[in-house]
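I'm jotting down what I look up as I go.

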Amino acid sequence: MLHCSEILLALFLLSDLVLAAAGRLPQAIRLVAAQGWLLGLLPLLLWDWSAKGCPEFRLFAVSAVNAAVKGVLLPALLAYAVRRARVARELEPLVSFRVSQLVVFALACLAFLFCKKLNISEQVASELAIPVAFTTMGTGLFLVCARRKAITQVLGFLVFENGIAVFGAGILLEYGLVVELGILLDVFVLVFVLGIAIFQINRTFSSIDTDKLNRLGDVHLLHPHHRRHA
């Protein structure tokens with residue numbers, strides 16, 4: 001099973017690189033959904049079946065919840081928001097897609113170098129788990145900062161949380177499953193609220209570009225009517 005987990009973590013790392021260059025929002029949502037399914041499989045593949053036998057029921061439960069919520073429910077909610085907002089692409093990112101891919105690749109290299117210096121290979125279920133977790137968290141934060149569309153920024157937040165989940169699974173936290181369920185609930189509520197907010201913003205302002213909303217606030221403050229009453 002550990003060999004399969006290495007393949008799964010490599011696919012997770014590949015999804016980070018592809019996500020950094022994804023300009024179409026439906027494609028980005030599908031990639032995040034794929035990460036959700038990979039997260040659902042990860043705890044089962046990291047479990048030492050030969051030495052410990054069959055895992056407890058709660059491991060199967062968390063894997064199923066991860067796959068259902070992160071692989072189906074949250075992506076479906078964001079896909080619905082994209083359809084209602086009638087936006088399909090991230091047209092003018094703050095950082096170009098090619099440069100974004102190079103940044104994520106650099107983050108991956110730094111994560112592997114950092115983890116190699118930590119020398120924690122004996123304390124983790126897989127040597128790939130921690131660097132992949134750090135790379136995924138960095139990718140999520142980068143997407144939040146380097147993209148203009150609110151939906152893409154929400155996707156970045158989800159990717160960041162996926163990195164936290166990979167970290168918890170990789171170091172085999174004793175109470176990691178309980179913590180993960182708590183984080184998962186928080187993420188579900190947040191994304192649900194943000195999905196509604198994105199729809200309302202688009203209906204009111206005909207745009208979900210956060211840069212335009214910032215400029216709208218600046219124009220509002222500089223309007224002559226407000227200067228006269230200042």
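This is a predicted model: local features need pLDDT of at least 70, side-chain atom pairs count only at pLDDT 80 or more; totals for chains, interfaces and linings use all residues.

**The bend in H2.** I started with H2, which bends by about 25° at Gly40.

**Length of H2.** Next I checked how far H2 reaches. It covers residues 25-46, and at 1.5 Å a residue its 22 residues should span 32 Å. The end C-alpha atoms sit 31 Å apart, which agrees.

**Is H2 buried or exposed?** I looked up burial for H2 and got 16 of its 22 residues as buried, so the helix is largely enclosed by the rest of the structure.

I picked Gln35, which has its place in helix H2. Its relative accessible area is 0%. The cut-off for buried is under 20%, so Gln35 counts as buried. Which residues does Gln35 touch, leaving aside those up to four places away in sequence? My list reads Phe12, Ser15, Asp16, Thr136, Val159 and Asn162.

**Over to H6.** Helix H6 runs over residues 129-146. I noted 18 residues for H6 and a reach of 25 Å from the first C-alpha to the last, close to the 26 Å expected at 1.5 Å a residue. For burial, 14 of the 18 residues of H6 are buried, so H6 is also largely enclosed by the rest of the structure.

**How H5 and H6 pack.** A reminder to myself: two packed helices are described by the angle between their axes and the distance between the axes. For H5 (residues 97-118) and H6, I wrote down an angle of about 145° and axes 8 Å apart. H5 passes H6 in a right-handed crossing.

**Who meets whom.** On the H5 side of the contact I listed Ser100, Val103, Val104, Leu107, Ala108, Ala111, Phe112, Phe114 and Cys115. They meet Ile130, Pro131, Phe134, Thr135, Gly138, Thr139 and Phe142 in H6. Sorting the residues of this contact gave me 12 nonpolar, 4 polar and no charged.

**Spacing.** I also wrote down a general point: an α-helix has 3.6 residues a turn, so residues three or four places apart point the same way.

**The whole chain.** Last, I zoomed out. The protein chain has 10 helices and 0 strands, and along the sequence the pattern reads α-α-α-α-α-α-α-α-α-α. Buried residues make up 43% of its 230 residues. Of the contacts with a separation of 6 or more, 77% come from residues 24 or more positions apart.

Terms used. Residues are numbered from 1 along each chain as its sequence is written. Side-chain values use heavy atoms; hydrogens and water are left out. Axes are lines fitted to C-alpha atoms, for helices over the stretch in contact, and angles run from 0 to 180 degrees between N-to-C directions. Helices (H or I, at least four residues) and strands (E, at least two) are DSSP runs, numbered from the N terminus. A crossing is left-handed if the near helix is turned anticlockwise from the far one by less than a right angle, and right-handed if clockwise. Contact means heavy atoms within 4.5 Å. Ala, Val, Leu, Ile, Met, Phe, Trp, Tyr, Cys and Pro count as nonpolar, Asp, Glu, Lys and Arg as charged, and the others, Gly among them, as polar. The expected span of a helix is 1.5 Å times one less than its number of residues. The bend at a residue is the angle between axes fitted to the seven residues ending there and the seven starting there. Buried means under 20% relative accessible area, exposed over 50%, partly exposed in between (1.4 Å probe, protein chains only).
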